Amino acid sequence: MNDPRIPMQEDPEWISLYSKRDAIHPRAVHGRFQQLRDVTVWATLGGYLLLPWLQWPDGDGGWRQAVLFDLPGRQFHIFGVTFWPQDFILLSWLLISLAFALFLVTVLAGRVYCGYVCPQTTWTRFFTWIEKITEGDRHARIRLDKSPWHRKKILRRGSKHILWWMLASLTGITFVGYFTPIGDLLLRAFTWELGQWEIIWIAFFTGATYVNAGWLREQVCIYMCPYARFQSVMFDRNTLIVSYDTERGEPRKRGRRKEEESGIGDCIDCELCVQVCPTGIDIREGLQYECIGCAACVDACDAVMKQVDLPVGLIRYTTENALQGRPTDWFRPRLLSYGAMLLIMVSVLGYALATRVPLGIDVMRDRGQLYRTASDGMIENSYQLVVMNRSQQTRDIRLSLQAADGLHWQHGEQQIQLPAGATRTLPITLAYDPYTDQVSTGPVWFILEDQHNVRYRLRRESRFIAPAH
Ligand code: SF4
Ligand code: SF4
């Protein structure tokens with residue numbers, strides 16, 4: 001029943017808050033920044049696809065994949081360095097250093113990462129390129145969108161989606177190739193012998209690439225990318241951004257300026273800068289968070305300016321200070337502090353990698369009993385030693401003991417040959433004769449060293465427990 005105190009509209013008009021997205025068909029543009037982008041996106045895609053095929057000496061005279069994140073083997077091979085779970089801190093340090101490098105670039109040059117090397121930008125550019133080959137230029141694509149389904153449309157759309165799926169599948173299988181040797185992976189893919197998880201991850205990355213680069217495109221940058229959201233706080237008045245020179249361009253007037261005309265700006269309102277924009281914005285309305293800094297509008301406007309005999313640079317990379325006639329301050333505290341932080345982090349990482357000992361030793365004392373008396377009267381303590389060779393070559397290692405006089409181990413000093421990446425568990429018993437020696441409870445040290453390199457030496461402490469005298 002209606003509450004009479006609440007006025008009801010007789011014929012309510014429903015307002016939908018949902019608005020269908022109009023597909024953006026950016027117009028092709030040529031220019032110096034787009035040439036540079038061609039280089040960077042080809043390098044990004046080529047690097048991604050080819051890197052798993054790069055081989056690296058494994059230290060034992062053989063070769064293995066240069067970049068391989070071997071999850072079952074718990075080893076990450078990155079060129080000549082192998083990271084183990086114990087090196088997680090180094091990997092985290094590496095990632096934090098990369099994040100600082102990104103912050104530094106953002107403070108300096110705004111969204112240059114987004115425009116030139118971001119995977120979303122790169123794959124979208126290739127997907128758009130496929131679209132242009134199969135469906136034609138911007139106007140042909142808009143016409144095709146509006147036209148009813150007919151044989152030509154089915155053929156063009158069909159071939160576009162087949163090519164999109166092919167590139168997406170290549171992306172998906174390459175991604176898994178970073179986690180399992182790629183040659184073997186491809187071989188098993190052709191013989192239908194892939195594992196369940198391999199199939200799931202290939203399918204996931206294929207689907208994600210197809211949807212993100214084919215369908216979502218600029219929406220990933222605008223609505224989903226967390227970096228796009230927080231990077232604006234790193235901008236300041238000295239950050240390089242793509243900007244329209246309002247002072248010079250306004251008031252705009254459509255069409256070529258006549259000689260006798262005065263008091264109008266340089267913008268001829270051709271809207272080419274809007275048509276080439278992959279996010280569909282009008283840079284003349286000021287800096288917007290949708291702008292990915294790709295400079296397509298810069299190249300488009302420069303071409304227009306040349307045609308109408310006006311100086312280029314109406315839209316350009318500049319800073320807010322420069323636009324307002326103030327000098328740009330390149331050496332500002334924020335930039336210097338990011339630079340200093342990056343330098344420190346890279347130096348610490350370099351030092352840690354250079355001085356890293358590629359051996360490992362864990363000592364576990366038998367917690368079941370403090371000590372035991374053997375049948376021959378000896379007092380014994382048991383340990384389990386796990387020794388590791390974290391390098392990429394076979395190593396001759398020596399295991400020795402440093403302990404109180406009278407304490408000895410059954411096997412004495414051990415010489416072990418450990419293959420690359422191998423781990424060996426050694427049960428060790430330390431003992432003394434209570435009738436001839438006086439040994440008290442105290443520390444013992446197990447020493448692991450490379451027989452051919454004195455720099456590689458590890459010392460682990462444990463305890464020997466003796467009965468009270
Ligand atoms: S391309 Fe240049 S001239 Fe054309 S509308 Fe954009 S700013 Fe104006
Ligand atoms: S406004 Fe210009 S720089 Fe920004 S995304 Fe659009 S075309 Fe690229």
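This is a walk through the structure, from overall shape to single residues. The model is predicted.

Start with the whole chain. The protein has 15 helices and 16 strands. Its radius of gyration is 33 Å, well over the 23 Å that the globule rule gives for 469 residues, so the protein is more spread out than a compact globule. The C-alpha trace spans about 115 × 75 × 60 Å along its principal axes. Of the 469 residues, 25% are buried. Take the contacts between residues at least 6 apart in sequence: 67% of them join residues at least 24 apart.

Next, the domains. Domain 1 covers 15-356, and domain 2 covers 359-464. Their centres, taken over C-alpha atoms, are separated by 54 Å. The two domains do touch: eight residues from domain 1 and eight residues from domain 2 take part in the contact. What classes of residue does domain 1 bring to the side that touches domain 2? Five are polar, two are charged and one is nonpolar.

Now turn to the ligands. Ligand 1 has 15 residues around it, and those that come nearest are Cys-267, Cys-270, Leu-272, Cys-273 and Cys-301. Two helices, α12 (272-275) and α13 (296-307), each supply at least two residues of this shell. Which element gives the most to the shell around ligand 1? That is α13, with three residues. By class, the shell has eleven nonpolar residues, one polar residue and three charged residues.

Ligand 2 has 14 residues around it. Here Cys-277, Cys-291, Cys-294, Ala-296 and Cys-297 come nearest. The shell around ligand 2 holds twelve nonpolar and two polar residues, with no charged residues.

The largest nonpolar core has 28 residues. Within this core, Val-242, Cys-273, Ile-283, Ala-296, Cys-297 and Ile-315 touch the most other members. The elements that give two or more residues to this core are β6 (241-244) and α13. The biggest share comes from α13, with five residues. So where does Cys-273 make its contacts? Leaving aside neighbours within four places in sequence, Cys-273 is in contact with Ile-283, Cys-297, Ala-300, Cys-301 and Ile-315.

Finish with the backbone details. A cis peptide bond joins Glu-250 and Pro-251, with omega about -5 degrees. Pro-251 is found in the loop between α11 (246-249) and α12. Glu-271 lies in the loop between α11 and α12 too. Glu-271 is not a glycine, yet it has a positive phi of about 65 degrees. Is Glu-271 buried or partly exposed? Glu-271 has 14 C-beta neighbours inside 10 Å, so it counts as partly exposed.

Arg-74 also has a positive phi, near 50 degrees, in a residue other than glycine. Its place is the loop between β3 (67-70) and β4 (75-78). Arg-74 has 12 other C-beta atoms within 10 Å, so it is exposed.

Technical notes: Residues are numbered from 1 along each chain as its sequence is written. Chains are lettered from A and ligands numbered from 1 in the order in which they are written. This is a predicted model: local features need pLDDT of at least 70, side-chain atom pairs count only at pLDDT 80 or more; totals for chains, interfaces and linings use all residues. A residue is near a molecule or strand if its C-beta atom, placed from the backbone, lies within 6 Å of it. Ala, Val, Leu, Ile, Met, Phe, Trp, Tyr, Cys and Pro count as nonpolar, Asp, Glu, Lys and Arg as charged, and the others, Gly among them, as polar. Domain bounds come from an automatic or database domain assignment. Two residues are in contact if their C-beta atoms, placed from the backbone, lie within 7 Å. Helices (H or I, at least four residues) and strands (E, at least two) are DSSP runs, numbered from the N terminus. The radius of gyration is taken over C-alpha atoms; the globule rule is 2.2 Å times the number of residues to the power 0.38. A residue is buried if 20 or more other C-beta atoms lie within 10 Å of its own, exposed if 12 or fewer, and partly exposed in between; C-beta atoms are placed from the backbone. A nonpolar core is a set of buried Ala, Val, Leu, Ile, Met, Phe, Trp, Tyr and Cys residues joined through C-beta atoms within 7 Å.
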